[in-house]
Amino acid sequence: MIQLKNIDRSYKSGVGQTWVLRRIHMEILEGEFVTIMGPSGSGKSSLLNILGLLDDDWQGEYWFGEQAVHKLNRKQRADLSRRSMGMVFQSYHLLDDLTVAENIDLPLSYKNIPSSERQAMVADVLDRFRMVAKKDLFPSQLSGGQQQLVGIARAVIHKPALLLADEPTGNLHSIQAKEIMELFRELNQQGATIVQVTHSGLNATYGTRTVELSDGWIVSDSARPKLQQSEEGRA
Ligand SMILES: Nc1ncnc2c1ncn2[C@@H]1O[C@H](COP(=O)(O)OP(=O)(O)O)[C@@H](O)[C@H]1O
Ligand SMILES: [Mg+2]
């Protein structure tokens, strides 16, 4: 589904350059549930933002199916992201002045879908996520766990092939976190390919594969047990 070849990401810092991701090679197969782990600052969010097409400023090759993402312009990338991806964030990123139902409807508003059909899709996802009674509330009236459920409902309402989540349970209590992870497992079993970033070893057990970053390098990958730190020519 996804192939990253030799992805580099850096920032200008004073006179020089700070590397955030170095020579990232990674293949993600359809149906995988990948967990990215690593210390703070190791590049996890940077990698997820590249995958989610929120970042344009990188070098290397990114293939999404047959599409050469590295050759697409910004508009084509935005189209691909809206069509095929959903993203979930640690801090939920809901719009405070929209209701639960309006937040969930948002991704559909970018598509050419008749409003009756949109309403049916929102009703369906509210039902699936057991949030019908909450549909007219505002995010501030919900617990963190419920806000994240809205965030996930919004990310999956258009049935994206790829779901990306950056520390989705980082602000939640363990019971709420467990509920979110069980939902992810269910979505994965229904066919979504998932990439999550987490610090939690427990959350990682819900995935099918773990990739570890350190200082911007992939230092281990359970799908490539023989990967050595030196394999990619680490300097
Ligand atoms: N906009 C930016 N400008 C400069 N450095 C940045 C910027 N964003 C991230 N970084 C740096 O990139 C590195 C990796 O960040 P990040 O991908 O957020 O790590 P993680 O998610 O693993 O904690 C960090 O050293 C961070 O300071
Ligand atoms: Mg991060």
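Predicted model: local features only at pLDDT ≥ 70, side-chain atom pairs only at ≥ 80, totals over all residues.
What is the order of the open sheet of four strands with antiparallel pairing? Residues are numbered from 1 along each chain as its sequence is written, while chains are lettered from A and ligands numbered from 1 in the order in which they are written.

**View 1. The open sheet of four strands runs β2-β1-β4-β5.** Its pairing is antiparallel. β2 (16-28) and β5 (67-68) stand at the edges, each with a single partner strand, so one side of each has no neighbour in the sheet. Strands here are DSSP runs of E with at least two residues, helices are runs of H or I with at least four, and both are numbered from the N terminus. Two strands pair if DSSP finds at least two bridges between them. Strand β1 (residues 2-13) and strand β4 (residues 59-64) are joined in the antiparallel sense over five bridges. Asp8 has Gln59 in β4 as its bridge partner. Helix α1 (residues 44-51) lies across β1 and β2 and runs at about 60° to β2. Axes are lines fitted to C-alpha atoms, for helices over the stretch in contact, and angles run from 0 to 180 degrees between N-to-C directions.

**View 2. Gln3 sits in strand β1.** It counts as partly exposed, with 15 C-beta neighbours inside 10 Å. The scale is simple: a residue is buried if 20 or more other C-beta atoms lie within 10 Å of its own, exposed if 12 or fewer, and partly exposed in between, with C-beta atoms placed from the backbone. Leaving aside residues up to four places away in sequence, Gln3 touches Glu27 and Trp63. Contact requires that the C-beta atoms of two residues, placed from the backbone, lie within 7 Å. Gln3 and Met26 are 23 residues apart along the chain, yet their C-alpha atoms are separated by 5.8 Å.

**View 3. A second open sheet, of six strands, has the order β6-β7-β8-β3-β9-β10.** Its pairing is mixed. The edge strands are β6 and β10 (217-221), and each pairs on one side only. Neighbouring strands of this sheet are turned by 20° against each other on average, direction ignored. α1 packs on the sheet and touches β3, β7, β8 and β9. The direction of α1 makes about 150° with that of β8.

**View 4. Strand β3 (residues 33-37) is largely enclosed by the rest of the structure, because five of its five residues are buried.** Phe33, Thr35 and Met37 point one way from β3, and Val34 and Ile36 point the other way. β3 pairs in the parallel sense with strand β8 (residues 193-197) over four bridges. It pairs with strand β9 (residues 209-214) in the parallel sense too, over four bridges. Ile36 stands opposite Val197 in β8 and opposite Val211 in β9.

**View 5. Ligand 1 has a shell of residues that includes Tyr11, Val20 and Lys44.** A residue is near a molecule if its C-beta atom, placed from the backbone, lies within 6 Å of it. α1 gives the largest share of the shell, three residues. The shell divides into two nonpolar, seven polar and one charged. Ala, Val, Leu, Ile, Met, Phe, Trp, Tyr, Cys and Pro count as nonpolar, Asp, Glu, Lys and Arg as charged, and the others, Gly among them, as polar.

**View 6. Helix α5 (residues 144-156) has 13 residues.** It reaches 18 Å from its first C-alpha to its last, close to the 18 Å expected at 1.5 Å a residue. The expected span is 1.5 Å times one less than the number of residues. 10 of the 13 residues are buried, so α5 is largely enclosed by the rest of the structure. Among them are Leu149, Val150, Ile152 and Arg154. The buried residues of α5 pack against β6 (85-89), α3 (100-109), α4 (115-128), β7 (162-166) and α6 (174-189).

**View 7. Leu53 and Lys159 sit in loops.** Leu53 lies between α1 and β4, with phi near 65°, a positive value in a residue other than glycine. Leu53 is buried, with 23 other C-beta atoms within 10 Å. Lys159 lies between α5 and β7. Its phi is positive, about 50°, although Lys159 is not a glycine. Lys159 counts as partly exposed, with 13 C-beta neighbours inside 10 Å.
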